[in-house]
Amino acid sequence: MYKLLLSWRYLRTRFIALASVVSVTLGVATLIVVNSVMAGFITEMHARLHGILSDVEIAAPGLGVIYHPEYHIHEIKQVLGDDLEQLTAVVRVPALMHFEVNGFPMTQQILLIGIDDQSFGQVTDFHPFLMNTNHRKKLSFELQADGYDESLGVCGWEHRRMIAAWNEEANLQYERLVQMNRQSAPVPQDLTGVIELPKLPQVIKTIDEFDEINASTAGAPPMRDAFDRHLPGPTIDQIFDARRDQHTGIVLGIAISSRKYKDPETGENMESFMIRPGDDVYITLPTAGANPNAVRENCTVVDFYSSKMHEYDSTFAFMPLSKMQRLRGMIQPETGMTSVSAIQIKLKPGTKLDVARDKLQARFPPFETGYVIQTWQDTQRPLLSAVNLELTILNILLFLIIAVAGFGILATFYMIVVEKTKDIGILKSLGAPSGGVMSIFLTYGLSLGTVGTGVGIVLGLLFVLYINDIATLLGYLSGREIFDPTIYYFDSIPTIVNPWMVVGVAIGAMLIAVLASVLPALRAARMHPVKALRYE
Amino acid sequence: MNEAHVRIMNTSRESDIRRHPLRVNHPSILTTVDLHKSFYKGKIEIPVLRGVDLSLPEKKIISIVGQSGSGKSTLLHLLGTLDEPDRGEIWFRDKRIDNAPRRERDKLRNQKIGMIFQFYHLLPELTTLENVLVPRMIEQGVFGYFRKRSKFIARAKEILELVGLSHRIQHRPNQLSGGEMQRTAIARALISCPMLLLADEPTGNLDRKNGDEVMKTLIRLNREEGITVVIVTHDESVACRADRIVRLEEGKVVEIEPGELAETD
């Protein structure tokens with residue numbers, strides 16, 4: 001009882017000891033904040049990294065191909081058995097994308113990925129990252145009239161029609177200009193009246209409109225019929241009309257065509273789009289085989305892919321698998337046998353990825369087949385291990401801070417024990433056993449550790465809770481933005497508080513506080529009562 | 001405790017009891033046999049006690065006088081088991097205590113022997129009442145103390161009343177006068193109802209009036225409660241109020257009559 005009473009009284013009357021605990025508090029708070037932010041960051045990063053990567057992938061090296069994917073899929077099913085959830089084949093190839101921005105031609109390098117719109121979304125977390133809600137439910141490479149994210153502005157069919165109308169209007173203006181140019185040109189005298197410039201026809205937007213106009217002219221056969229009946233080649237519905245038709249659908253990584261910038265007036269983070277869903281682009285890609293040719297395909301952007309991983313968002317573009325196989329000549333004309341770049345595999349939840357990978361490696365030995373068989377963690381190992389190393393080192397450094405605090409406690413306690421020498425003698429003369437005297441100071445250390453840790457936990461959790469406000473405030477005070485979303489592609493600093501981490505940090509800090517008080521407590525316990533009583 | 005100690009305890013217990021010098025004749029509460037104690041200043045041995053044979057009769061007041069440095073306090077510390085003699089034996093009733101296990105001696109100090117010091121030795125962080133209760137807190141565990149708390153507090157207040165401090169129970173030692181602090185120390189020594197009170201210069205730091213108060217309290221305790229009181233002092237006016245006076249000279253005790261004091265000093 002006297003132990004508790006005296007520890008409590010020492011706690012209340014020795015403020016210098018509380019000062020030494022401030023370092024414990026700061027250490028604990030920092031550890032919690034750093035771990036929470038790192039955990040949030042890593043979790044977010046894992047989700048994004050894993051988003052587009054399947055659990056395990058069998059890929060042909062480089063730009064090579066896997067022939068006869070059906071056979072491989074059959075074999076994979078045999079090898080993995082019940083662990084297999086779903087698999088899908090993809091074609092991957094670097095390509096060039098051409099587009100126009102305000103009439104200026106631009107070319108950008110992309111990684112074109114041919115995906116199966118059915119199975120790809122079941123193997124990877126592809127759908128949640130699409131910007132169109134309809135595509136999120138069911139992926140199709142068709143331009144949508146609605147469902148696009150508001151941040152994109154006007155897009156989809158509305159945008160496409162607007163652009164088409166604009167293009168037509170522009171062509172019209174161009175014609176007019178040419179005409180005016182001709183009129184104002186010095187024309188030879190004798191030709192006057194010989195050449196009659198044609199009257200500008202009424203702008204007809206679609207064939208159907210033409211028919212509507214013509215319908216007023218009694219007896220005239222509909223243009224459509226005339227086309228269909230008399231013209232060789234495609235029917236009128238097959239003639240490409242930008243208002244009604246789209247080219248091959250393509251899903252672009254959002255950062256390929258957008259730039260993030262800060263509005264100089266409002267200071268807000270803005271995103272400007274050079275291309276929107278509904279625009280047309282041209283893709284140039286190499287055919288498969290040892291002697292590749294460049295093939296060109298008109299495509300219509302149907303959606304954006306926004307994983308918030310800049311590496312992915314700025315390079316990936318997705319196209320229907322079969323279309324790409326046709327373009328690249330990956331279907332043998334004689335047999336109809338296809339080839340793919342990689343087969344992506346999703347495993348049942350709880351399956352060990354490494355084990356599955358090893359099984360597949362045993363079935364398709366890399367040195368025979370040349371295939372690269374990797375889990376998603378293997379693929380991103382350099383990044384993941386770098387982040388893990390960072391976290392480990394940070395934790396070590398921060399625990400060293402708490403250890404420094406421990407030495408502070410040690411020194412303070414030692415002084416308190418010296419100061420309390422006489423009290424120790426008194427207690428011993430009153431029959432207090434050495435163990436009891438020792439536990440006074442151990443309890444004291446534990447209470448200080450508990451106070452420091454408790455305050456540290458509260459401070460740390462509050463900091464984590466308001467971290468974005470604090471970052472804003474610090475940015476405001478320092479004049480430099482602490483967390484720049486244009487760099488990280490996170491809107492705010494992600495945090496995850498793992499209760500076990502908090503418990504671990506708390507136990508560690510208290511342990512250090514107690515350990516630091518052991519030496520002074522031992523000194524107190526070993527004091528000879530008579531010498532202690534005579535101490536001045 | 002070393003091996004030799006254990007062996008002595010095991011082999012010589014019976015003979016110890018047989019050799020007990022005053023076992024039959026006097027009902028003494030504390031007996032010492034040939035106590036030796038030296039201190040070391042570097043490597044130089046300074047003998048302080050050189051064979052003290054002393055027997056403290058029960059329910060008496062005994063004064064130990066002597067010049068400063070004669071070993072009075074050392075003897076008292078040995079009697080209170082705060083220190084261990086180099087040689088010799090100390091018996092509490094018919095139990096040898098100088099070589100008893102530490103735990104047993106702690107218990108003895110806590111429950112059977114009360115101690116009072118010249119400099120009061122109160123704990124500055126605690127109030128008068130808490131200071132008085134400390135021995136009880138040491139004796140009991142946390143739960144035991146809480147269970148009997150009200151009883152202990154009532155007893156402590158009773159004792160504080162006895163020493164005339166009932167109006168000071170919530171004060172800290174630094175708010176008390178010297179006499180009050182010493183009376184608090186006496187109350188603390190009494191809380192466990194000891195049979196023996198060892199007082200080391202109890203009036204040494206007090207003026208005559210306060211010293212007188214303290215002495216009166218000690219004498220009253222002896223008369224009313226039957227507690228044996230040992231007072232170490234160099235003040236003859238204090239010493240001569242005892243039933244029996246011994247003087248420490250050259251490391252040995254000399255029995256003197258109360259009347260002799262003036263002549264020998």
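Which strands of chain B does helix 8 lie across? Helix 8 (residues 208-225) of chain B lies across strand 3 (61-65), strand 7 and strand 8 (228-232) of chain B, and runs at about 155 degrees to strand 8 of chain B. Helices (H or I, at least four residues) and strands (E, at least two) are DSSP runs numbered from the N terminus, while angles run from 0 to 180 degrees between N-to-C directions, along axes that are lines fitted to C-alpha atoms, for helices over the stretch in contact.

This is a predicted model, in which local features need pLDDT of at least 70 and side-chain atom pairs count only at pLDDT 80 or more, whereas totals for chains, interfaces and linings use all residues. Residues are numbered from 1 along each chain as its sequence is written, and chains are lettered from A and ligands numbered from 1 in the order in which they are written.

**The sheet of chain B**

The open sheet in chain B has 6 strands in the order 6-7-8-3-9-10, with mixed pairing; two strands pair if DSSP finds at least two bridges between them. Strand 6 (113-116) and strand 10 (252-256) of chain B stand at the edges with a single partner strand each, so one side of each has no neighbour in the sheet. On average, and with direction ignored, neighbouring strands of this sheet are turned by 20 degrees against each other. Strand 9 (residues 244-249) of chain B runs antiparallel to strand 10 of chain B and is joined to it by 5 bridges, and Glu249(B) has Lys252(B) in strand 10 of chain B as its bridge partner. Helix 7 of chain B also packs on the sheet, where it touches strand 6 and strand 7 (196-200) of chain B.

| Helix pair | Angle | Axis distance |
|---|---|---|
| Helix 4 (residues 128-139) and helix 7 (residues 178-190) of chain B | about 35 degrees | 7 Å |
| Helix 15 (residues 381-419) and helix 20 (residues 499-526) of chain A | about 25 degrees | 8 Å |

Because of its angle, helix 15 of chain A is roughly parallel to helix 20 of chain A, a term used for angles under 35 degrees. Helix 15 of chain A passes helix 20 of chain A in a right-handed crossing, that is, with the near helix turned clockwise from the far one by less than a right angle. By class, this contact has 17 nonpolar, 3 polar and 1 charged residues; Ala, Val, Leu, Ile, Met, Phe, Trp, Tyr, Cys and Pro count as nonpolar, Asp, Glu, Lys and Arg as charged, and the others, Gly among them, as polar.

Helix 4 of chain B likewise passes helix 7 of chain B in a right-handed crossing. The residues of that contact divide into 4 nonpolar, 3 polar and 1 charged.

The contact between the chains takes 20 residues from chain A and 21 residues from chain B, where residues are in contact if their C-beta atoms lie within 7 Å. Helix 1 of chain A gives the largest share of the side of chain A that touches chain B, 7 residues.

Asp263(A) lies in the loop between strand 6 (258-262) and strand 7 (269-273) of chain A. Asp263(A) is exposed, because it has 9 other C-beta atoms within 10 Å.

Terms used:
Contact = placed C-beta atoms within 7 Å. Parallel < 35°, antiparallel > 145°, perpendicular 65-115°, else oblique. Buried ≥ 20, exposed ≤ 12 C-beta atoms within 10 Å, placed from the backbone.
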